Structures are given as structure tokens and as C-alpha cells.
Amino acid sequence: MGEEFRMTTSVETTLREPGAYNLSRRVIDEMEAAGVWPTPLNFELWLHYLGDPDGALGREIQRLLSEQEPFTEATADMLAAEYLPRGRLTEEIRDAGRVLDRELSSVAEAISRAHKSQSAYGQTLDKAASSIETAGDSASLKSIVGGLTIATRRIQRENETLEKRLDVSTKEVARLREHLEQVRRDAMTDALTNLANRKAFDEHLAAACEQANATNEPMILAVLDVDHFKRFNDTWGHQTGDQVLRYVASVIGRFGALPRIAARYGGEEFAVIFPREDAGHVATALEAIRKEISSRSLRRRSTNDELGAVTISAGFAQHRAGDTASTLLERADTALYASKRAGRNRVTAADVLEQAA
């Protein structure tokens with residue numbers, strides 16, 4: 001999974017650079033040369049293959065091509081399920097569904113058997129009641145009581161079996177629920193940085209705006225971006241770039257702990273939602289993040305080469321009555337770009353810009 005995540009992150013970074021267009025054209029040319037139809041799924045697979053030919057997916061596609069195996073829809077589905085993160089996620093959800101179906105069927109069968117046993121026991125009791133009324137001697141009564149004893153023990157065994165089955169199923173469903181919760185968390189977490197991903201950020205921001213509109217409580221959105229990251233990537237390579245992103249994310253994550261929400265917004269851009277906080281507290285937190293990140297001289301992990309310091313720019317905007325997620329994000333982005341234009345490595349408040357304008 002680690003290699004898969006690195007591959008995905010590297011390709012996502014490449015797709016946010018000018019060279020993305022050349023890569024996309026090359027993908028089409030290579031697919032046509034290999035006789036592979038340019039369906040959306042095939043294009044995505046080939047994009048990862050050519051974007052990271054030494055990755056697991058790249059090596060597998062190279063093997064298929066070298067052995068001249070036909071690239072069918074079934075092959076594409078198999079590769080997506082194995083190597084694309086969302087394919088693996090879908091398969092995990094399917095597996096969980098199959099386990100749940102099996103457990104529910106098993107419980108339904110056990111309950112059905114117990115129902116039949118209870119019905120048969122009721123008929124036995126009715127028959128015994130009638131027999132007792134007509135019994136003429138102690139031997140007959142003894143026979144009736146013996147039959148009731150046997151029937152009672154049978155129903156007790158059936159109930160014990162049902163209880164055990166229900167206990168096993170309850171534990172299995174609890175385990176399944178925990179697993180699905182982990183799958184849900186994985187689906188909402190950026191694999192490289194372990195911060196919330198774009199999907200989670202969008203949901204949290206929409207909910208935070210709704211909450212702020214409903215309660216009139218303060219809420220602030222900050223957007224942060226690594227300065228000159230493309231130049232850094234071009235100089236040192238994507239793997240070292242990923243190392244820098246993890247470092248920046250670790251600092252942002254510490255300052256963005258709950259109830260704040262820190263997310264990787266895309267590429268080298270991050271965001272933090274500050275619920276129920278005023279501009280002064282937010283500016284202080286963002287300045288602390290900026291200073292800590294820029295204060296450390298980084299080294300390349302593989303070679304110990306000196307990389308120098310990394311800086312970030314940030315902008316933040318306070319929620320206003322009626323703001324939607326998109327309008328708030330637009331204002332925060334405007335503040336971020338102002339930080340970039342003013343020389344980078346600084347924090348800008350949208351309100352200050354708007355007052356000056």
C-alpha cells in the first residue's frame with residue numbers, strides 16, 4: 001500500500017505542473033500504439049503507468065505488454081482494483097457487504113429454526129395438556145412428563161444454539177462496523193500526509209459554514225501554500241518533494257488538531273478550518289506555523305544533502321453571514337495570492353485587503 005500511495009501522490013503532483021499536458025498527449029499516443037481503447041479507466045491506468053513507470057502498476061503493465069497479453073476491460077478492472085486507491089476501497093466495501101450478507105443469512109436461518117422449534121414445543125405442550133386430562137394412571141402421567149422433559153431439553157438446546165449464533169454474529173458485525181469505519185477514515189485521509197483529504201475538507205467546510213450561518217458563531221478558513229514548490233520538485237525530484245510535504249503537513253497538523261480541521265487541499269496547498277475562533281487567535285496560529293516551518297533547514301533523507309529552508313504563504317478569511325463554502329474559499333484564496341504577490345513567506349487577512357480596497 002505504501003508504494004501505491006507514493007505512486008499516486010507523485011502522479012497527482014505531476015498533473016499539477018505544466019508538463020501534465022505533454023504527459024497526457026503521450027498517454028494517448030502510447031495507448032494507440034498498444035491498441036488500447038482510450039476509455040476513462042484505461043486513460044487513468046496509463047496515466048499512472050507513464051507517470052511512474054517504476055511503480056507497481058507501471059511494472060505490471062510493462063509485463064502485460066511484454067507478454068503481449070490483450071488489454072481487456074477485465075484486465076483494466078483487475079488493475080484498478082489492485083493498484084488504484086479507490087479501486088481497493090471499492091473492493092473492501094464489497095468484501096464487507098459480502099460478510100454482512102453472510103452473517104445476516106446465518107442469523108435468519110438460526111431464527112427460522114428456533115421459530116420452528118418453538119412452534120413444535122407449543123404443539124407438544126398442547127398435546128400434553130390434553131393427555132393429562134384423560135390420563136388414567138400414574139404410568140401414563142409418567143410417560144407424558146417424560147415426553148415434556150425431552151421436549152424441554154430440546155428447546156433449551158435450540159435456544160442455546162441460537163444465543164451462541166447471535167453472539168458470534170454480534171461480534172462479527174461489531175468487527176465489521178469497526179473495519180468499515182476504518183475504511184471510511186482511509187477514504188477521507190490523504191495518504192501522503194495523513195491529514196484530511198480534499199473530499200473530507202469539502203464536507204467539513206460545508207458543514208462549518210452551515211453551522212456558522214445557523215448560530216452566528218465565528219469561523220475562519222485559512223489556506224496555506226508551499227512557496228516555490230515546483231522549483232524544489234524540479235531540482236530535487238518528486239520523492240524529496242513528498243518528504244517536504246510530509247514535514248509541512250506535520251507542522252500544520254499539530255496546530256490544526258481538533259476542533260480545528262487541517263487538510264491537504266491539493267498538491268502543495270493546505271487548508272485549516274478554525275471553528276469558533278477570532279481573527280487574532282487564527283493569525284497567531286498561522287504565524288506560529290509559518291515561523292516553525294521556515295526555521296528548520298531540511299536534509300534529503302536518502303543522501304543527507306542540504307535542502308535549505310522551506311517557506312509557506314497563507315491567507316485567511318472570516319466567515320460572514322450567508323457565506324457559502326465556495327465564497328469563503330474564494331476570499332481566503334484571494335488573501336493567499338496577496339501573500340504570494342507581496343513576497344511570500346507571510347500571512348494575509350482577507351478583511352485587511354477588503355478594508356484597504
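Biologist: What is the order of the strands in the open sheet of five strands?

Modeller: The order is S2-S3-S1-S6-S7, and the pairing is mixed. This is a predicted model, in which local features need pLDDT of at least 70 and side-chain atom pairs count only at pLDDT 80 or more, while totals for chains, interfaces and linings use all residues. Residues are numbered from 1 along each chain as its sequence is written, and side-chain values use heavy atoms, without hydrogens and water.

Biologist: What makes a run of residues a strand or a helix?

Modeller: Both are DSSP runs: a strand is E over at least two residues, a helix is H or I over at least four, and the numbering starts at the N terminus. On that basis the protein has 13 helices and seven strands.

Biologist: Why are S2 and S7 said to stand at the edges of the sheet?

Modeller: Two strands pair if DSSP finds at least two bridges between them. Strand S2 (261-266) and S7 each have a single partner strand, so one side of each has no neighbour in the sheet.

Biologist: How do you know that S6 pairs with S7 and with S1?

Modeller: Three bridges join S6 to S7, and these two strands run parallel. S1 and S6 are joined by seven bridges in the antiparallel sense. Strands of a sheet pair through backbone hydrogen bonds, either parallel or antiparallel. Some of the partners can be named: Gly315 has Thr348 of S7 as its bridge partner, Phe316 stands opposite Ala349 in S7, and Val223 stands opposite Gly315 in S6.

Biologist: Why is Thr348 called buried?

Modeller: Buried means under 20% relative accessible area, exposed means over 50%, and partly exposed lies in between (1.4 Å probe, protein chains only). Thr348 has 14% relative accessibility, so it counts as buried. Contact means heavy atoms within 4.5 Å.

Biologist: Why does Val226 count as buried?

Modeller: Val226, which is found in strand S1, has 2% relative accessibility and therefore counts as buried. Val226 and Thr311 are 85 residues apart in sequence, yet their C-alpha atoms are 6.1 Å apart in space. Beyond its neighbours within four places in sequence, Val226 is in contact with residues including Leu245, Val248 and Phe270.

Biologist: Why is His228 called partly exposed?

Modeller: The relative accessible area of His228 is 38%, which means that it is partly exposed. His228 is in the loop between S1 and H9, and its phi is near 55°, a positive value in a residue other than glycine.

Biologist: Why is Asn345 put in a class with a relative accessible area of 27%?

Modeller: At that value Asn345 is partly exposed. Asn345 lies in the loop between helix H12 (325-341) and S7, and its phi is also a positive value, near 55°.

Biologist: How do you know that the span of H10 agrees with its number of residues?

Modeller: The expected span of a helix is 1.5 Å times one less than its number of residues. Helix H10 (residues 238-255) has 18 residues and should therefore span 26 Å; its end C-alpha atoms are 26 Å apart, which agrees. H10 lies across S1, S2, S3 and S6, and runs at about 5° to S3. That angle is taken between N-to-C directions, from 0 to 180 degrees, with axes fitted to C-alpha atoms and, for helices, over the stretch in contact.

Biologist: What makes a set of residues a nonpolar core?

Modeller: The members are buried Ala, Val, Leu, Ile, Met, Phe, Trp, Tyr and Cys residues joined through side-chain atoms within 4.5 Å. Nonpolar side chains tend to be buried together in soluble globular proteins. The largest core here has 32 residues, of which Leu224, Val248, Phe270 and Leu286 touch the most other members. H10 gives the largest share of this core, seven residues.

Biologist: Where is the cis peptide bond, and what is its omega?

Modeller: The cis bond joins Leu258 and Pro259, with omega about 10°. Pro259 is in the loop between H10 and S2.
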